[in-house]
Amino acid sequence: MSTNQISSDKPRRRAERLRKIEESIQAIWDEHKVFEAEAGQVPARPGDKFFGNFTYPYMNGRLHLGHAFTISKLEFAAAYHRLCGRNVLMPFAFHCTGMPIKASADKLDREITKFGNPPKFPSEEEETTLVAPADSTEASTQPGRFKSKRSKAAAKSGTVKYQWEIMKSYCLTDEEVVKFRDPYHWLSYFPSKGKEDLKAFGLGCDWRRSFVTTNRNLFYDSFVQWQMRKLLALGKIVKDNRYTIFSPLDRQPCGDHDRASGEGVEPQDYVLIKMEVQQPFPEKLTPLEGKKVFLAAATLRPETMYGQTNCWVLPEGNYGAYEINDTDVFILTERAALNLAYQKLSRVPEKPSCLVKLTGYDLIGLPLKSPLAFNEVIYSLPMLTILTDKGTGIVTSVPSDSPDDFVALHVLVSRPALRANYGVKDEWVLPFKVIPVINMPEFGDKSAETVCTNLQIKSQNDKDKLAEAKKLTYLKGFTEGTMLVGEFKGKNVQDARPLIKAQLVDAGLAVLYSEPEKKVMSRSGDECVVALTDQWCITYGEGEWKRLAEECTHIPWDVEFLVESLSDSTLYMAFYTVAHILQNGDMYGSGAGIIRPDEMTDAVWDFIFCNGPEPESDIPSSLLAKMKQEFEYWYPFDLRVSGKDLIQNHLIFCIYNHVALLEKHHWPRSFRCNGHLMLNSEKMSKSTGNFMTLCQAIEMYSADATRFALADAGDSMDDANFVSDTANSAVLRLTKEIEWMKEVLAAKSPLRGGEPSTYADRVFANEINFAIRETEKNYESFMFREALKTGFYDLQAARDEYRFSCGAGEMNQELVMKFMDVQTRLMVPICPHYAEHVWKEILKKSGFVVKAGWPVADEPDPTLRKANKYLQDTIVFVRKLLQKQEAGSKKGKKGRAALSASSAPKLTIGLIYVNELYDGWKADCLDILRLNFNVETCSFAPNEEIDSAISVAVIEPVPDRKKMKKECMPFVRFKMDEAMKVGLQALDLRLPFGEMEVLRENKELFKRQLGVEQLEILDARNPSDVKKAGSHQNLVAQASPGNPAAVFMTEADFVSVGAHNMAIAG
C-alpha cells in the first residue's frame, strides 16, 4: 500500500467510527421520537416556540451539498432553539410540481429511443462535424471551418451530460434507470431517498408532517385548490392574454423552475415598425408580388420615428420573408419569425411560413415607406454591428437621437469607397440630413450628434464610447426630453411614447412584439420563445408578477389549466401544521387516516387557517379543533431559509400570499437567504465532476464532519466554500476529542481536586464564560461560522493553553468537567451525534443533550482576558529576546572565534522589567491625544491641530527639539493608530490590570517556557532593580506599559553584578 493510501485510509477509518456513532444515535432519537413536535394547549408566547422551514427541494435527483448548505442554516438554528428549551417544529417536504421531472423523464426516453437500451452514446469527436457556419452566405463561407453541433451552453460547460449518465451517477443499475422514463417513478423514488439522506445527516425533522406536492397527495392538492380559489375570490387572479416565456417543445409556459438557464429572464416588449417595400420589387423579391412586403424593425422608442433617414440591415445576416397573414409579409430573422408565430402573427399558428430566404445583401437599397417618417422614401443600408440574436435583425435609423445611427450614417456619407464596396448609391445616402425630433436639456435638438462630438466618437469601433453616449442620452431623453414635432409636439417624451405607440398600432402601421430579454433554455433542451397565451395569472403588486400554468395540480375552476411550480409553493408552510393529522404519517397522503381528502372542503380550510366559522362536516369536531389549534400555535413561522436565487420570485410570492390570505398576526416573521456553495473554491458542476451529493459527503466524511465543514463554509449572501480539508480535519478533531475525554475520565491523566484557585484556573473559567456568551450571540445572529469559532476552535485553544499553563500542577477536575459539559452543549447544533454520544457514553448523563438547555455562564471578565493576552504575548516576546541574547553571547568577541552551542555559557538567569506607567513627555502626549479624541466616532482631530499642540507642550520646551521630535512623533502616531482600533483605553497612562501582579503570579510558567533556573520580575522605575541589569541597563529603559524589557545572564555574570552592586552600596 502506498503512503498516500495509508494517509487517506486513516481519516476514512475515523470517519467510519463517527458514522457508527451516528447510526446508533439516530436509532435512539427515532425510538424516543425526539424531534416530533406537539402544539401546546394555549397560544405560544414570544420565545416559547420556534417554527422554521426550508424551501422544499425539487425531486429530480439526489440532494447535493448545495441543498445541504442551505438546509444547514435552518438545522443549526432549530437545534439551537431546541437546546435552549423552546418547542421546535422543523418539518420538511419534497417538491414535485412542474416540468423539471417531466422534462428529465422525456429526455431519458428520447435517449433510449435514439441510442438504445442501454444507450451507446457517440463520442465527442463523432458529434463534431464539418459544417458551414450557421450564418454563412456565399460571400462569407470559409472552406474547412469546423463547427460543433453542440449548443453554446454545452460547449461552455466543457461536456455534454446525458440524462442517462446523470441517473447512473446516482449508483442506479441499467434496469433501474429505465424505470425513470415514467415521470411518476421519480415521485416514488427520489423523495424517499431525500428523506433517507436527511435522516443520515441528522436533520431534527418531524417526519410525520412530510409530504410530496402534486395530486399524488390529494390532501395537498385540496389545500392548493383552496388557496387558488381564495385568491380568485379576492380578485388576485385574472385571466388574460399575456406575453410569457414559452417552451415550443413542451408546448407550455416555461417558469423559472423549469429552465435549464435563463432564470429570472422576462419578456422584452418592442414595437415592430412596418416599413413597406416600394414597387417595383427587385428580382429576389418577385415571388412576393401581390403581397404587402414590410421590413419589420423592432424599436423601444417609437416616438423617434419622425426622424428616420434610412434603415439598417446586416449584409451577411440571414433573413426570410415570412407570411404574417393572407396579405402581409414581414422580412426579418428566423428567430424573430418564430417568436411572432407564437404571438398570433403567422399565417400558420406557431409555425413560421417562409416564402423566400434572403441575405442582408439582398435587402440593401430597398426603397421603403416608413410610418411617421418625414422622409417619404428611405433606403435600407448596411450596418456591420447588428446582432441577429436580438430584435428582428432590421433596425430603424434615427441619427438625431441614436449615437449608433449617427456614427454609422456619418461613416457612410464620408467614405465613398465603403459605399462602393456594398453597392450603395449616393442618392440613397447623401440627401438625407439629421432631423431634430426631441429637445433634451444639455444636449439640445440633436443629442446624438452633440454627444458623439463631445466624446470624439469617430466610428462604430469606438464601442466603449458609444455605450457611454447611449448611457448619457437614452434615459435622459425619456425622462427630460420634449417632443419637437408631430401630433404630440410640446409633450414630455415619457407621456408621448405610449400615445404614439398606441397610435401606430391602432392605425395598422406597427404591431406589438416580444422576445426573451436573454436566451432561455428549458429543461427539455429547447430554446424558449415568447408566446401570447390565454392564462390565469396571480397579480403580484405593481409589476403584476406572473407565473404561468404548468403541470400536476389543476386549477379548480378551469381544469384545462395547471398551477405551476412557484404558485403552489407560497403558503404550504401552513400545511405543515396539520399534515400529520391528515396524512397519518404517509408523505403521499395515502395512509388509512380518519379524514378523507374530499372532506377537506374550502369551508374546512377557512376554519383552520382564516378563522372562519366552524363548518358542517363529517370530520369530528375534536379533529377540526385540533387542526385549528395546531395552526394557531405554530403560526406565524419564525424563520424560512432559502438560497438567494429565490428572492426574486418564491420569497416575494410567499409574502404576498400570506398578506392576501392570512390575518396580520400570522404573517411571516423572518427570512434568511444565503449564497451558493462552491466545492473546494470551484463552482459545483456535474459536467466538470466537481460535484458531491449529500449521501456521498456523509459516506466520505460522516454527517457531523460534513455539518462541521458546512458551518465553516460561510454565512453571508456571498458564495460560500465547502473545503474537503476542513471536513477531514473535523473527522480528526472530533475523534481525537472523544479519545482525550475518555483518557482524562479514565484517570490516565490525573486531575487536581478542590475549588478552582490558580491564575490559570481563573483564566480558563473566564474563557469558558466568554465561549458561552459569544457563541449564544452568534447562534442568535445566525452566524454559524462564528459560532463554530467561539464554541469550538477558541474553546479548544483555551483548553490547550490551560493544560500547558498548569504543567505538573495538573488541571482542576471541576473546571475540566465543566469544559466537557459546555463544549458538548455548544456543539449540539453543528455536531449533534458527536454531542449526544459524549453526553450519554462519556459524561454518562441522562436525557438528551439536544434538549439539555443552554449552559449557564458567569459574567465574563474582559480585563482578565486582556491580562491573559498580555501574559501570553509577553511570554512570546521575552522568549524571542532570550533567543536573541543567546545568539549574541555565542558570537566571538573581536579577534576571537565564535563559541559553539555546547561550549557557550548558558543564560539561566532572567530579569523581566516592567514599567506600568507612562510619565514625562509620553504622559503629556497622551493627555493631548485624549483631549483630541472623539469617543463616538473613534477618530481624532486633524493631524495639524494635534501636531501643533504637541509641539507647544512637549517639543519646544526642551533644548534638543530635533531629538525630542524624532522620539515623540512616532510614539504619537503609534498610539493614535492603536486608539482608532481599540478605543480610548489605548490612551490610558497604565493598563487596566497590574502587570507586575500578573507576571509574578505566573512566574513558574515563565520559567518553564523560557527554560531558565531563576527569574525575577522587577520594576523598571526602581533604581535598585535597574542596577541588577549590570551592563544591560540600557535595555531596561525600553520598558513601557504593555511592553516589558528582559535581560538574561549566566549565573556567573549575575553573581558578579550582585557583588559589584553590594560593594558600591557598602
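**Figure 1. Helices α9 and α18 pack at an angle of about 80 degrees, with their axes 10 Å apart.** This first close-up, like the ones that follow, comes from a predicted model. Helix α9 covers residues 218–233, and its partner α18 covers residues 602–609. Since angles of 65 to 115 degrees count as roughly perpendicular, the two helices are therefore roughly perpendicular to each other. On the α9 side, look for Phe219, Ser222, Phe223, Trp226, Arg229 and Lys230. On the α18 side, the contact is made by Asp602, Trp605, Asp606 and Phe609. Sorted by class, the contact has five nonpolar, one polar and four charged residues.

**Figure 2. Strands β5 and β6 form a hairpin.** Here β5 (residues 237–247) runs antiparallel to β6 (residues 252–253), and two bridges join them. Four residues lie between the two strands. In the turn, keep an eye on Arg251, which has a positive phi of about 60 degrees.

**Figure 3. The rings of Tyr379 and Trp428 form a stacked pair.** The structure holds 62 aromatic pairs, and two of them are shown in this figure and the next. The ring centres of Tyr379 and Trp428 are 5.9 Å apart and the planes meet at 20 degrees, so the pair counts as stacked. This pair links distant parts of the chain, with 49 residues separating the partners. Tyr379 belongs to strand β15 (residues 378–382), while Trp428 sits in the loop between α13 (416–421) and β17 (438–439). Tyr379 has a relative accessibility of 18% and counts as buried. Trp428 is buried too, with a relative accessible area of 12%.

**Figure 4. The rings of Phe792 and Tyr793 meet edge-to-face.** The centres of these two rings lie 5.9 Å apart, and their planes are at 70 degrees, so this pair is edge-to-face. Phe792 is buried, at 0% relative accessible area, whereas Tyr793, at 25%, counts as partly exposed.

**Figure 5. Three strands form an open sheet in the order β32-β29-β33.** The pairing in this sheet is mixed. Its edge strands are β32 (1014–1019) and β33 (1045–1049), each of which pairs on one side only. On average, and ignoring direction, neighbouring strands are turned by 20 degrees against each other. Strand β29 (residues 909–914) pairs with β32 in the parallel sense over six bridges. For a landmark, take Leu911, whose bridge partner in β32 is Glu1016.

**Figure 6. Helices α33 and α36 pack on the sheet of β29, β32 and β33.** Helix α33 (residues 1003–1010) touches β29, β32 and β33, and its direction makes about 125 degrees with that of β32. Helix α36 (residues 1051–1065) also touches β29, β32 and β33. The direction of α36 makes about 105 degrees with that of β33.

**Figure 7. Ser104 is a buried residue of helix α3.** The helix spans residues 99–115. With a relative accessible area of 8%, Ser104 counts as buried. Which residues does Ser104 touch, not counting those up to four places away in sequence? They are Asn60, Gln163 and Trp186.

Definitions and conventions. Residues numbered from 1 in each chain as written. Predicted model: local features only at pLDDT ≥ 70, side-chain atom pairs only at ≥ 80, totals over all residues. Heavy atoms only, no water. Pairing = 2+ DSSP bridges. Axes fitted to C-alpha atoms, helices over the stretch in contact; angles between N-to-C directions. Parallel < 35°, antiparallel > 145°, perpendicular 65-115°, else oblique. Contact = heavy atoms within 4.5 Å. Nonpolar A, V, L, I, M, F, W, Y, C, P; charged D, E, K, R; others polar. Phe/Tyr/Trp six-rings, centres within 6.5 Å; stacked < 30°, edge-to-face > 60°. Buried < 20%, exposed > 50% of the residue type's maximum accessible area, 1.4 Å probe, protein only.
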